[in-house]
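Here is a set of questions and answers on a chain and its packing. Keep the sequence and the coordinates at hand.

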Amino acid sequence: CCLVLCVFALLGEQLFGGRFTPEVGFQEPPRERFDSLPFALIATFVAASGDEWTSMYADAYRVDAAAATAYYTALVLIGNYVLLNLVVAILLTSISHADAAEEEEEADESE
């Protein structure tokens, strides 16, 4: 999970880092930007979690339409897939621990 977000953060930094300038139409850079690695990691996590990625995409589209479309399509699809698998793994682990505890309880009662 973290590796995927780091890769997309570095890619976003290469594609969009320092490009949200007044020449492109930005009076000030947006809150989610790719100017440094910490900002890029936060922006990548926000987009991967599905929270306001459309406004981030619109800002990046003003900078480079083709790169923004490819980047955010891949980020949203792969990021959602990875985060969904993470949630499923956590749920399966919880269920297996609950089953193991229930089996131990039944074994203790039968003795």
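Contact here means heavy atoms within 4.5 Å. The model is predicted.

Q: Leaving aside neighbours within four places in sequence, with which residues is Ile78 in contact?
A: Ile78 has its place in helix α4. Its relative accessibility is 38%, so Ile78 counts as partly exposed. With neighbours within four places in sequence set aside, its contacts are Val4 and Phe8.

Q: What distance separates the C-alpha atoms of Ile78 and Cys1?
A: Ile78 belongs to helix α4. Along the chain, Ile78 and Cys1 are 77 residues apart, and their C-alpha separation is 10.0 Å.

Q: Are α1 and α4 roughly parallel or roughly antiparallel?
A: The axes of α1 and α4 come within 11 Å and cross at roughly 170°. From α1, the contact uses Val4, Phe8, Ala9, Leu11, Gly12, Leu15 and Phe16. From α4, it uses residues including Tyr71, Tyr72, Leu75, Ile78 and Val82. Angles over 145 degrees count as roughly antiparallel, and α1 and α4 are therefore roughly antiparallel.

Q: Which kind of aromatic pair do Phe16 and Tyr71 form?
A: The aromatic pairs come to 10 by count. In the pair of Phe16 and Tyr71, the centres are 5.6 Å apart and the planes 75° apart. Planes over 60 degrees apart count as edge-to-face, so Phe16 and Tyr71 are edge-to-face.

Q: How many residues apart are Phe16 and Tyr71?
A: Phe16 is in helix α1 (residues 2-16), and Tyr71 is in helix α4 (residues 65-110). The pair links distant parts of the chain, and the separation is 55 residues.

Q: Is Tyr71 buried or exposed?
A: The cut-off for buried is under 20% relative accessible area. Phe16 has 0%, so Phe16 is buried. Tyr71 has 2% relative accessibility, so Tyr71 counts as buried.

Q: Which parts of the chain does the pair of Phe34 and Tyr71 tie together?
A: The ring centres of Phe34 and Tyr71 are 5.8 Å apart with planes at 90°, so this pair is edge-to-face. Phe34 is buried, with a relative accessible area of 1%. The two residues are 37 apart in sequence, so the pair ties together the loop between α1 and α2 (37-48) and helix α4.

Q: Which residues form one aromatic cluster?
A: Phe16 and Tyr71 are an aromatic pair. Phe34 and Tyr71 are another pair of rings. The cluster consists of Phe8, Phe16, Phe34, Trp53, Tyr57, Tyr61, Tyr71 and Tyr72.

Q: Is the crossing of α3 and α4 left-handed or right-handed?
A: The axes of helix α3 (residues 53-63) and α4 come within 7 Å and cross at roughly 155°. α3 and α4 are therefore roughly antiparallel. The contact involves Trp53, Met56, Tyr57, Ala60, Tyr61 and Val63 of α3, with Ala65, Ala68, Thr69, Tyr72 and Val76 of α4. The crossing is right-handed.

Q: Over the face of which residue does Arg62 lie?
A: Arg33 has its charged end over the ring of Phe39, 4.0 Å from the centre. Arg62 is 4.1 Å from the ring centre of Phe26. The face under Arg62 belongs to Phe26.

Q: Near which value is phi of Glu52?
A: Glu52 has its place in the loop between α2 and α3. With a relative accessible area of 48%, Glu52 is partly exposed. Its phi is positive, in a residue other than glycine, and is near 60°.

Definitions and conventions: Residues are numbered from 1 along each chain as its sequence is written. This is a predicted model: local features need pLDDT of at least 70, side-chain atom pairs count only at pLDDT 80 or more; totals for chains, interfaces and linings use all residues. Side-chain values use heavy atoms; hydrogens and water are left out. Rings of Phe, Tyr and Trp (its six-membered ring) pair if their centres lie within 6.5 Å; planes under 30 degrees apart count as stacked, over 60 as edge-to-face and the rest as tilted. Helices (H or I, at least four residues) and strands (E, at least two) are DSSP runs, numbered from the N terminus. Buried means under 20% relative accessible area, exposed over 50%, partly exposed in between (1.4 Å probe, protein chains only). A charge sits over a ring if NZ of Lys or CZ of Arg is within 6 Å of the ring centre and within 35 degrees of the ring normal. Axes are lines fitted to C-alpha atoms, for helices over the stretch in contact, and angles run from 0 to 180 degrees between N-to-C directions. Angles under 35 degrees count as roughly parallel, over 145 as roughly antiparallel, 65 to 115 as roughly perpendicular and the rest as oblique. A crossing is left-handed if the near helix is turned anticlockwise from the far one by less than a right angle, and right-handed if clockwise.
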